[in-house]
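Here's a quick briefing on the model below. Have a look at the fold first, then go through the notes by topic.

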Amino acid sequence: MKKFVETVGFIVFAQGAAGLLHEWTGWFRLWALVARLDVLDGYAVFVSIVLVVAGAAVMIAADSIRT
């Protein structure tokens with residue numbers, strides 16, 4: 001279970017980082033989920049920052065899971 005939570009945290013973190021890279025450089029459009037959702041137009045940077053922070057928090061919280 002701990003590895004699963006760490007993996008989910010990493011995926012969320014990576015999506016946020018890819019969203020930020022897409023906003024700053026224009027790359028990673030196909031890989032970044034935030035860049036592909038039209039609903040988030042104008043909020044992509046904020047959503048990406050939230051994803052980075054949430055992913056880091058989930059990865060940190062995974063250490064408290066006892067197996």
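Helices (H or I, at least four residues) and strands (E, at least two) are taken as DSSP runs, numbered from the N terminus. With that in hand, the elements of the protein chain run α-α-α from the N terminus on, which comes to 3 helices and 0 strands. Keep in mind that this is a predicted model: local features need pLDDT of at least 70, side-chain atom pairs count only at pLDDT 80 or more, and totals for chains, interfaces and linings use all residues. Residues are numbered from 1 along each chain as its sequence is written, and side-chain values use heavy atoms, with hydrogens and water left out.

**The chain as a whole**

- The C-alpha trace of the protein chain spans about 40 × 20 × 20 Å along its principal axes.
- Of its 67 residues, 25% count as buried (buried is under 20% relative accessible area, exposed over 50%, partly exposed in between, with a 1.4 Å probe and protein chains only).
- The protein chain exposes about 4900 Å², and carbon and sulfur atoms supply 72% of that (areas come from the Shrake-Rupley method with a 1.4 Å probe; for residues, only the protein chains shown count as cover).
- Take the contacts (heavy atoms within 4.5 Å) between residues at least 6 apart in sequence: 56% of them join residues at least 24 apart.

**Helix H1 and what follows**

- H1 has 24 residues and reaches 34 Å from its first C-alpha to its last, close to the 34 Å expected at 1.5 Å a residue (the expected span is 1.5 Å times one less than the number of residues).
- The buried residues of H1 are Val5, Gly9, Ala14, Gln15, Gly16, Ala18, Gly19, Leu20 and His22, and they pack against H2 and H3.
- Gln15 sits in H1 and is buried, at a relative accessible area of 17%.
- Leaving aside neighbours within four places in sequence, Gln15 is in contact with Trp31, Ala32, Leu33, Val34 and Leu51.

**Helix H3**

- H3 has 18 residues and reaches 25 Å from its first C-alpha to its last, close to the 26 Å expected at 1.5 Å a residue.
- Its buried residues are Ala44, Ser48, Val52 and Gly55.
- Seen down the axis of H3, those buried residues fall within an arc of 80°, so they line one face of the helix (the arc is that of the directions from the helix axis to the C-beta atoms).
- What covers the buried residues of H3 includes H1 and H2.
- On the face turned away from the buried side, H3 carries the exposed residues Phe46, Val50, Val53 and Ile60.
- Ser48 has a relative accessible area of 0%, and it touches Gly16, Gly19, Leu20 and Val34, not counting residues up to four places away in sequence.
- Ala61, also in H3, counts as partly exposed at 41% relative accessibility.
- The C-alpha atoms of Ala61 and Leu37 are separated by 28 Å, and the two residues are 24 apart along the chain.

**A nonpolar patch**

- Leu21, Trp24, Trp27, Phe28 and Trp31 make a nonpolar surface patch of about 650 Å².
- Patches are made of residues with over 30% relative accessible area and no salt bridge, with like charges joined within 9 Å and nonpolar side chains (Val, Leu, Ile, Met, Phe, Trp, Tyr) within 5 Å.
- A salt bridge here is a side-chain nitrogen of Lys or Arg within 4 Å of a carboxyl oxygen of Asp or Glu.
- Trp31 is found in the loop between helix H1 (2–25) and helix H2 (33–36).
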